[in-house]
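Reader: Could you walk me through a structure I've never seen before? I'd like to learn how to read a few of its features.

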Amino acid sequence: MEAIRLNHPLVEHKLSILRDKRTGTKEFREIVSELSTMLCYEAMKDAELEDIEIETPICKTKAKRLNEDKYAFIPILRAGTGMLDGLIEIMPNAKIGHIGMYRNEETLEPVRYYYKAPKGLENREVIILDPMLATGGSGVDAITAIKESGAKKIKFLCIIAAPEGIKRIQDTYPDVQIYCAAIDERLNEIGYIVPGLGDAGDRIFGTK
Ligand code: PRP
Ligand code: URA
């Protein structure tokens with residue numbers, strides 16, 4: 001499945017602020033949240049709606065409603081939690097899981113330290129959140145854990161993706177649709193995305 005990239009002037013504008021090294025924690029966090037909301041709109045384009053009948057102040061009418069309960073958001077700690085606010089704002093009733101992992105700085109392979117998913121994943125669409133898709137190691141490991149919990153439909157939302165990470169997910173899990181705001185040039189020798197935005201976790205939480 002081809003990765004879907006948001007193509008919109010507002011996204012380009014927000015990305016330019018996010019990438020700028022002078023942007024401080026508060027604004028960085030706000031923009032991660034805004035871009036996540038935009039990614040969520042795109043990812044929900046194929047959502048199935050239920051027919052309902054409602055009454056407006058004028059008359060009865062047919063309408064369509066989303067069963068938010070059928071969705072689970074699973075951010076990859078830490079940085080993925082920065083995307084959660086923007087999604088909860090528009091889908092407050094979705095279930096939320098967490099997967100904790102960090103990259104071993106030498107091997108760049110992910111080390112998983114926490115996993116808690118909502119029950120009944122086999123009947124929910126799972127949306128994984130992580131702002132940075134670099135080598136794809138974290139993404140692939142998260143998808144593996146979530147599939148082992150029974151999930152059948154999985155989407156991966158990120159803000160910046162490297163071609164290497166997209167390829168790794170597509171080669172391992174071709175059924176997982178990737179959504180991103182930007183596809184950058186490449187990874188550097190220490191596994192950072194170029195031009196990227198630096199370390200997303202540190203910039204969201206102000207830890208450096
Ligand atoms: C970052 C990022 C991804 C991962 C991407 O997390 O948030 O989870 O790296 O890299 P990959 O595609 O090569 O696996 P990091 O390990 O820095 O942890 P943090 O979110 O706790 O800062
Ligand atoms: N993780 C980040 O936070 N930034 C990168 O560029 C790559 C991985």
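Author: Happy to. Keep in mind that this is a predicted model. Let's begin with a contact: an oxygen atom of ligand 2 is 2.8 Å from a polar backbone atom of Ala200. The protein buries 89% of the 240 Å² that ligand 2 exposes when taken alone.

Reader: Which other backbone atoms lie 2.8 Å from an atom of ligand 2?

Author: For an oxygen atom of the ligand, look at a backbone N or O atom of Ile193. For a nitrogen atom of ligand 2, there's a backbone N or O atom of Gly198, again at 2.8 Å.

Reader: Where does ligand 2 sit, and which residues surround it?

Author: Ligand 2 sits in the largest pocket. Its surroundings include Arg103, Met132, Tyr192 and Asp199. Sorted by class, the shell has five nonpolar, two polar and two charged residues.

Reader: How do I read the backbone angles?

Author: Here's the general idea: most peptide bonds are trans, and most residues other than glycine have a negative phi. Now the cases here. Leu77 and Arg78 are joined by a cis peptide bond, with omega at about -10 degrees. Arg78 belongs to the loop between β4 and α3. The bond from Val194 to Pro195 is cis too, its omega near 0 degrees, and Pro195 is in the loop between β15 and α6.

Reader: What about phi of Leu108?

Author: It's positive, near 65 degrees. Leu108 is in the loop between β6 and β7.

Reader: Is Leu108 buried or exposed?

Author: Buried, because its relative accessible area is 18% and the cut-off for buried is under 20%.

Methods
Residues numbered from 1 in each chain as written. Chains lettered and ligands numbered in written order. Predicted model: local features only at pLDDT ≥ 70, side-chain atom pairs only at ≥ 80, totals over all residues. Heavy atoms only, no water. Near = heavy atom within 4 Å. Polar contact = N/O pair within 3.5 Å; in protein donor to acceptor, adjacent residues only side chain to side chain. Areas by Shrake-Rupley, 256 points an atom, 1.4 Å probe, with all protein chains shown as cover. 1 Å grid on protein atoms, 1.4 Å probe; cavity = no way out; pocket = protein on both sides within 12 Å on 5 of 7 lines; lining within 4 Å. Sits in = over half its atoms within 2 Å of the grid points. Nonpolar A, V, L, I, M, F, W, Y, C, P; charged D, E, K, R; others polar. Helix = DSSP H or I, 4+ residues; strand = E, 2+ residues; numbered from the N terminus. Buried < 20%, exposed > 50% of the residue type's maximum accessible area, 1.4 Å probe, protein only.
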